[in-house]
Amino acid sequence: MNLLIAAGTGSAYLISVAATFLDLGPGYNSLYYDTVAFLIIFIVLGRYLEARARGQTSEAIRKLMGLRAKTSRILVNGIEKEVPIEDVAVGDIVVVRPGEKNPC
């Protein structure tokens, strides 16, 4: 993609420079300086917006990962025991009090 943009805008610019200073004939009456500038501006603006959106997305994902619960309360023989989430197994009874995050 970068090569295509560079080749297209570069050739348009070179043709415009050549048409400005040399008499290339009737087919080269148009100059493309403004087209080249606008294409490059649009590409740079698009890449900036894409990078900004990516940064905001990764920051939002980081914040969401920080919201998850790190420990869980399970019932073992009638006694509540606080364990890391990784230690909760299938069949364990998880106790979630009002206002707490659901760990599993």
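This is a predicted model: local features need pLDDT of at least 70, side-chain atom pairs count only at pLDDT 80 or more; totals for chains, interfaces and linings use all residues.
Biologist: Why is Glu 59 called partly exposed?

Modeller: The relative accessible area of Glu 59 is 34%, and because this value lies between 20% and 50%, Glu 59 is placed in the middle class.

Biologist: What makes Glu 59 and Arg 62 a salt bridge?

Modeller: A salt bridge needs a side-chain nitrogen of Lys or Arg within 4 Å of a carboxyl oxygen of Asp or Glu, and here the closest N and O atoms are 2.8 Å apart, so the pair qualifies. Both residues lie in helix H2, 3 residues apart, which is about one turn of the helix.

Biologist: Why is Arg 73 called buried?

Modeller: Arg 73, which lies in strand S1 (residues 71-76), has a relative accessibility of 18%, and because that is under 20%, the term buried applies. Leaving aside neighbours within four places in sequence, Arg 73 is in contact with several residues, among them Glu 80, Ile 93, Val 94, Arg 97 and Glu 100.

Biologist: How do you know that the side chains of Arg 73 and Glu 100 make a polar contact?

Modeller: They are listed with a distance of 2.5 Å, and since the limit for such a pair of N or O atoms is 3.5 Å, the distance is within the limit.

Biologist: What makes Glu 80 a salt-bridge partner of both Arg 73 and Arg 97?

Modeller: The closest N and O atoms are 3.9 Å apart for Glu 80 and Arg 73, and 2.7 Å apart for Glu 80 and Arg 97, so each pair is within the 4 Å limit. Glu 80 lies in strand S2 (residues 79-84) and Arg 97 in the segment after S3, so this second pair ties together parts that are 17 residues apart in sequence. Through shared partners, salt bridges join Arg 73, Glu 80, Arg 97 and Glu 100 into one network.

Biologist: How do you know how confident the predictor is in this chain?

Modeller: The scale of pLDDT runs from 0 to 100, and on it the chain has a mean of 90, with 100% of its residues reaching 70 or more.

Key
Residues are numbered from 1 along each chain as its sequence is written. Side-chain values use heavy atoms; hydrogens and water are left out. Helices (H or I, at least four residues) and strands (E, at least two) are DSSP runs, numbered from the N terminus. Buried means under 20% relative accessible area, exposed over 50%, partly exposed in between (1.4 Å probe, protein chains only). A polar contact is a pair of N or O atoms within 3.5 Å; within protein, one must be able to donate a hydrogen and the other to accept it, and residues adjacent in sequence count only if both atoms are side-chain atoms. Contact means heavy atoms within 4.5 Å.
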